[in-house]
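Here's a quick tour of a protein model, written for someone who is new to reading structures.

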Amino acid sequence: MSEHSAHPAYPVGLRLTGRRVVVLGGGTVAQRRLPALLAAGADVLVIAPSATPSVEAMAEAGELRWERRAYRPGDLDGAWYAVVATDDAGANATASAEAEERRVWCVRSDDAGAATAWTPATGRSEGVTVAVLTGRDPRRSAAVRDAVVEGLRDGTLTAPRHRARRAGVALVGGGPGDPDLITVRGRRLLAEADVVIADRLGPRDLLDELPPHVEVIDAAKIPYGRAMAQEAINAALVEHARAGRFVVRLKGGDPYVFGRGMEEAQALAGAGIPVTVVPGISSSVSVPGAAGIPVTHRGVAHEFTVVSGHVAPGDPRSLVDWAALAKLRGTLVMLMAVERIGAIAEALIEHGRAPDTPVAVVQEGTMAGQRRVDATLATAARTVEEEGVRPPAVIVVGEVVGVNRAGTGR
């Protein structure tokens, strides 16, 4: 094969749907290659005396066929492509020779120079497959691939589209505040936006990265006169989408966790506007985690309940059964509750929760100004006032607060 090694490989995309691919070996190399082959629709046959649990699970699920034996000459009959990845150098050489004789493109994990095909480092982003070959330097291939894919995903590497983009709205959960905690899809859609309507609690730092032509609208400053603010936001979303723009509604946390995302989705659907919903990392889990608090922990809490504290106990608008919550043994996570923590703590104690139940208040979680203040139900209101805690903050009630007191910082 030395004569082939002096020349660069010819890149090509194989369309393997319904075509036989033989994989010799069931170890970690096969485990890494199989998902892409299955995603390509290949008819995969694995031949190996043993396999990793992941490969075995693929066989049990019917995704591929597995013959539990060693390679035998003739196994590549009818194959279009072969992956030779056994731990037997002699078998690998024999299988490679068979592939050459049968004109089957063959990848070898133990000797790339003796192979007739190389597997590129691949990645995908929004329907684009990036494949990188650098000869015998797989680490460099992976590094180049990662750089290109990351650039496509976060919008720093852009390429013009040659097909019309459909206008519409994406409801994007921006996560708890740290710009690195937005999802890959959310960041990509943000980079494609013509208009961004942003909440105060969204990842504000990402707005500075938008191109100059993108119109950024602060949702809190939308004029609404006698109408409710949410109705005005809905109207703005519809107006910009109907004008042919792609609109991203950037919200803090997750759009459907106390984010009124469904109200916006319903308004858009009623106006005939296509909507994409991108889930976000909810502050109810991420903020406690950033402060060293697991919302569940073996032997301590087997459940956690997330509650909105924007309405105090006893308020006729409240939909929360505080008496039932007080009887639960697990973790209670409260959002938008800082200003009503006194009334909430009193209600929980009144209905049976122990006054010495640990409480942690995490202000500006995941952000540079994050801080954690610890108290108990009995002292929470006083502590919040004395420490000057202000929204946004997440309040955690339960024994999990004391699980990892040493890990209270970011």
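Which side chain meets that of Arg317 in a salt bridge? The partner is Asp315, with 3.0 Å from N to O. Keep in mind as you read that this is a predicted model.

**Charged pairs**

- Side chains of opposite charge can pair when their charged atoms come close.
- Searching the whole structure turns up 19 salt bridges.
- Back to our opening pair: Arg317 counts as exposed because its relative accessibility is 59%, while Asp315, at 23%, counts as partly exposed.
- Some salt bridges share partners, and in that way Asp199, Arg249, Lys251 and Glu264 are joined into one network.
- Asp110 and Arg108 also meet through their side chains, in a salt bridge of 3.0 Å, N to O. Asp110 has a relative accessible area of 38%, so it is partly exposed; Arg108 has a relative accessibility of 11%, so it counts as buried.
- Then there's the salt bridge between the side chains of Arg187 and Glu209, at 2.9 Å, N to O. Arg187 sits in helix α6 (residues 184–192) and Glu209 in the loop between β9 (195–198) and β10 (215–218), so this pair ties together parts that are 22 residues apart in sequence.
- Arg187 has a relative accessible area of 18%, and since buried means under 20%, Arg187 is buried.

**Nonpolar cores**

- In soluble globular proteins, nonpolar side chains tend to be buried together.
- Here, the largest nonpolar core is made of 23 residues, and Trp322, Met334, Leu348 and Ile395 have the most contacts inside it.
- Which elements give two or more residues to this core? They are the helices α10 (322–327), α11 (341–350) and α12 (380–387), plus the strands β14 (331–335), β15 (358–363) and β17 (393–397). The one that gives the most is α11, with 5 residues.
- Zoom in on Trp322 and skip its neighbours within four places in sequence: you'll find it in contact with Val307, Pro313, Met334, Ile344, Ala347, Leu348 and His351.
- There's also a second, separate core of 20 residues, and Val21, Leu34, Ala48 and Val83 are among them.

- Tyr10, Val12 and Leu14 make a nonpolar surface patch of about 390 Å².
- Leu14 is found in the loop between α1 (2–5) and β1 (20–24), and it counts as partly exposed because its relative accessibility is 44%.

**Two helices and what covers them**

- An α-helix has 3.6 residues a turn, so residues three or four places apart point the same way.
- In helix α8 (residues 261–270), the buried residues are Gly261, Glu264, Ala265 and Leu268. Look down the axis of α8 and these buried residues fall within an arc of 100 degrees, so they line one face of the helix.
- What do the buried residues of α8 pack against? Their partners are β8 (168–173), α7 (229–242), β11 (246–251) and β12 (275–278).
- Turned away from that buried side is a face of α8 that carries the exposed residues Gln266 and Gly270.
- Helix α9 (residues 283–290) has Ser283, Ser284, Ser286, Val287 and Pro288 buried. The cover over these buried residues includes β13 (304–308), β14, β15 and β17.

**Backbone spots to look up**

- Phe258 is not a glycine, yet its phi is positive, near 55 degrees. You'll find Phe258 in the loop between β11 and α8, and with a relative accessible area of 40% it is partly exposed.
- Glu364 isn't a glycine either, and its positive phi is about 50 degrees. Glu364 lies in the loop between β15 and β16 (371–376) and, at 31% relative accessibility, counts as partly exposed.
- What kind of peptide bond joins Pro391 and Pro392? It's a cis one, with omega about 0 degrees. Pro392 belongs to the loop between α12 and β17.

Technical notes. Residues are numbered from 1 along each chain as its sequence is written. This is a predicted model: local features need pLDDT of at least 70, side-chain atom pairs count only at pLDDT 80 or more; totals for chains, interfaces and linings use all residues. Side-chain values use heavy atoms; hydrogens and water are left out. A nonpolar core is a set of buried Ala, Val, Leu, Ile, Met, Phe, Trp, Tyr and Cys residues joined through side-chain atoms within 4.5 Å. Buried means under 20% relative accessible area, exposed over 50%, partly exposed in between (1.4 Å probe, protein chains only). Helices (H or I, at least four residues) and strands (E, at least two) are DSSP runs, numbered from the N terminus. Contact means heavy atoms within 4.5 Å. Patches are made of residues with over 30% relative accessible area and no salt bridge: like charges are joined within 9 Å, nonpolar side chains (Val, Leu, Ile, Met, Phe, Trp, Tyr) within 5 Å. Accessible areas come from the Shrake-Rupley method with a 1.4 Å probe; for residues, only the protein chains shown count as cover. A salt bridge is a side-chain nitrogen of Lys or Arg within 4 Å of a carboxyl oxygen of Asp or Glu. The arc is that of the directions from the helix axis to the C-beta atoms.
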